Amino acid sequence: SAGTGKYADRFGGQLALVTGAGSGIGRATALAFAEAGARVVAVDRDAESAARTAELSRLAGAPEAWAEPVDVSDEQAMEKLAQRVATQYGVVDVLVNNAGIGLSGSFLDTAPEDWKKVLDVNLWGVIHGCRLFGRQMAERGQGGHIVNTASAAAYLPSKALPAYSTSKAAVLMLSECLRAELAGRGIGVTAICPGFVNTNITSTARFAGVDAEEEKRRQKKAARLYRLREYPPEKVADAILRAVVRNEAVVPVTPEARGGRLLS
Ligand code: NAI
C-alpha cells in the first residue's frame with residue numbers, strides 16, 4: 001500500500017517512467033516509485049515482464065500503472081511512446097533511463113555488430129529518452145528529473161567489458177552535459193553508478209561467444225577477487241529515489257564503485 005515506505009507519498013501525483021522495468025533494477029525502481037505514490041509507466045521490450053511490473057506497481061500502491069512494450073533503441077518506437085505517454089498519461093515528472101544489456105568479450109574479439117548492439121541500447125536508448133521526454137519536461141516548465149543508469153564500469157576500465165564500459169562512460173558524460181543544460185529550468189539529471197548487483201543482466205551477455213552461466217561465474221569470481229559486494233536491486237532503487245529527492249549529480253551506489261582500479 002502507498003505511503004508506508006521510506007518516501008511515503010513523496011511522489012504522490014507524479015508520473016514516473018522507467019525503462020527496462022521488466023526486471024532487476026528497473027522493476028525494483030518502478031515498485032519503489034509506486035510505493036512512494038507515483039503513477040508508473042513500465043517500459044520494457046519484453047511485453048510480459050513489463051505487464052507484470054505494472055501489475056506489481058498497482059499492488060505496491062501506484063494509483064495507476066501502465067505497461068509499454070517498447071525497445072528503447074528504436075527511435076521511431078520511442079517517438080511514438082513519447083507522444084502516447086504525453087496524450088494518455090501526461091508529462092513525465094521522473095524519467096529513469098535504465099534499460100541496458102551486458103556484453104562480455106575482449107576488445108579484439110568483439111565484432112562491430114556486437115559493439116553496435118550494446119551502443120544502440122545502452123547509449124542510444126538513453127539519448128532517445130533524454131531528448132524526447134526532456135523536451136516535454138522543458139516545454140511544460142514545471143521541472144522534473146532524469147536518472148540515467150550508468151555503472152561503476154563507466155570509470156573502472158575492464159579487459160572483459162570494453163563495449164559495455166564504453167557505453168556507460170558515454171552515459172555518464174551525457175548525463176553531466178544535460179544536467180548543465182537543464183539546471184536553469186529546474187530539471188535535475190542524475191547518473192547512477194551501481195557496482196555489482198544481482199540481476200538477470202548476464203543472461204543478455206550472449207554475444208561475443210560468451211555463455212551466460214559462464215559469465216555469471218566469471219563475474220562472481222571477479223567480485224570476490226576485487227572484494228566487490230553483491231547488492232540487491234532494491235538498494236539501487238533506493239539510491240535512485242534519494243538522488244531525485246536531493247537532486248544528486250553522480251551517485252556511486254556501492255562503496256567500491258569509486259574508480260581507479262582495473263577490473264578483471
Ligand atoms: P536486467 O537484465 O535484470 O534488466 C534489464 C531489463 O531491460 C530487462 O527487463 C530487459 O528486457 C530490458 N531491456 C533490455 N534491452 C532493452 C531495450 N532495448 N528496450 C527496452 N528494454 C530493454 O538487468 P539490470 O541489472 O537490472 O540492469 C539495469 C541497468 O543497470 C542496466 O542499464 C545495467 O547496465 C545497469 N547496471 C547493472 C549492474 C549489475 O551489476 N546488474 C551494475 C551497474 C549497472
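User: Is the crossing of helix 3 and helix 4 left-handed or right-handed?
Analyst: This is a predicted model, in which local features need pLDDT of at least 70 and side-chain atom pairs count only at pLDDT 80 or more, while totals for chains, interfaces and linings use all residues. Residues are numbered from 1 along each chain as its sequence is written, and helices (H or I, at least four residues) and strands (E, at least two) are DSSP runs numbered from the N terminus. A crossing is left-handed if the near helix is turned anticlockwise from the far one by less than a right angle, and right-handed if clockwise. By this rule, the crossing of helix 3 and helix 4 is right-handed.

User: Is helix 3 roughly parallel or roughly antiparallel to helix 4?
Analyst: Axes are lines fitted to C-alpha atoms, for helices over the stretch in contact, with angles running from 0 to 180 degrees between N-to-C directions; under 35 degrees counts as roughly parallel, over 145 as roughly antiparallel, 65 to 115 as roughly perpendicular and the rest as oblique. Helix 3 (residues 75-88) packs against helix 4 at an angle of about 25 degrees, with the axes 10 Å apart. That relation of helix 3 to helix 4 is therefore roughly parallel.

User: Which residues of helix 4 make the contact with helix 3?
Analyst: Two residues are in contact if their C-beta atoms, placed from the backbone, lie within 7 Å. Helix 3 brings Glu75, Met78, Glu79, Ala82 and Ala86 to this contact, and helix 4 brings His128, Gly129, Leu132, Phe133 and Gln136.

User: At roughly what angle do the axes of helix 4 and helix 5 cross?
Analyst: Helix 4 passes helix 5, which spans residues 162-182, in a right-handed crossing. Their axes come within 9 Å and cross at roughly 15 degrees.

User: How many nonpolar residues does the contact of helix 4 with helix 5 have?
Analyst: Among the residues making this contact are Trp115, Leu119 and Val126 of helix 4, and Tyr164, Val171 and Leu178 of helix 5. Ala, Val, Leu, Ile, Met, Phe, Trp, Tyr, Cys and Pro count as nonpolar, Asp, Glu, Lys and Arg as charged, and the others, Gly among them, as polar. The contact of helix 4 with helix 5 has three polar and two charged residues, and its nonpolar residues number 15.

User: Which helix gives the most to the shell around the ligand?
Analyst: Of the 30 residues around the ligand, Gly20, Ser23, Gly24, Gly100 and Thr199 come nearest, where a residue is near if its C-beta atom, placed from the backbone, lies within 6 Å. Helix 1 (24-35), helix 4 (112-140) and strand 7 (196-197) each supply at least two residues. With three residues, the most is given by helix 1.

User: What phi does Asp9 have?
Analyst: Most residues other than glycine have a negative phi. Asp9 lies in the segment before strand 1 (15-19), and because it has 15 other C-beta atoms within 10 Å, it is partly exposed; this class lies between buried (20 or more other C-beta atoms within 10 Å of its own) and exposed (12 or fewer), with C-beta atoms placed from the backbone. Although Asp9 is not a glycine, its phi is positive, at about 55 degrees.

User: What distance separates the C-alpha atoms of Glu234 and Ala28?
Analyst: Glu234 belongs to helix 7 (residues 233-246), and it counts as partly exposed because it has 15 C-beta neighbours inside 10 Å. Although Glu234 and Ala28 are 206 residues apart along the chain, their C-alpha atoms are separated by 5.4 Å.
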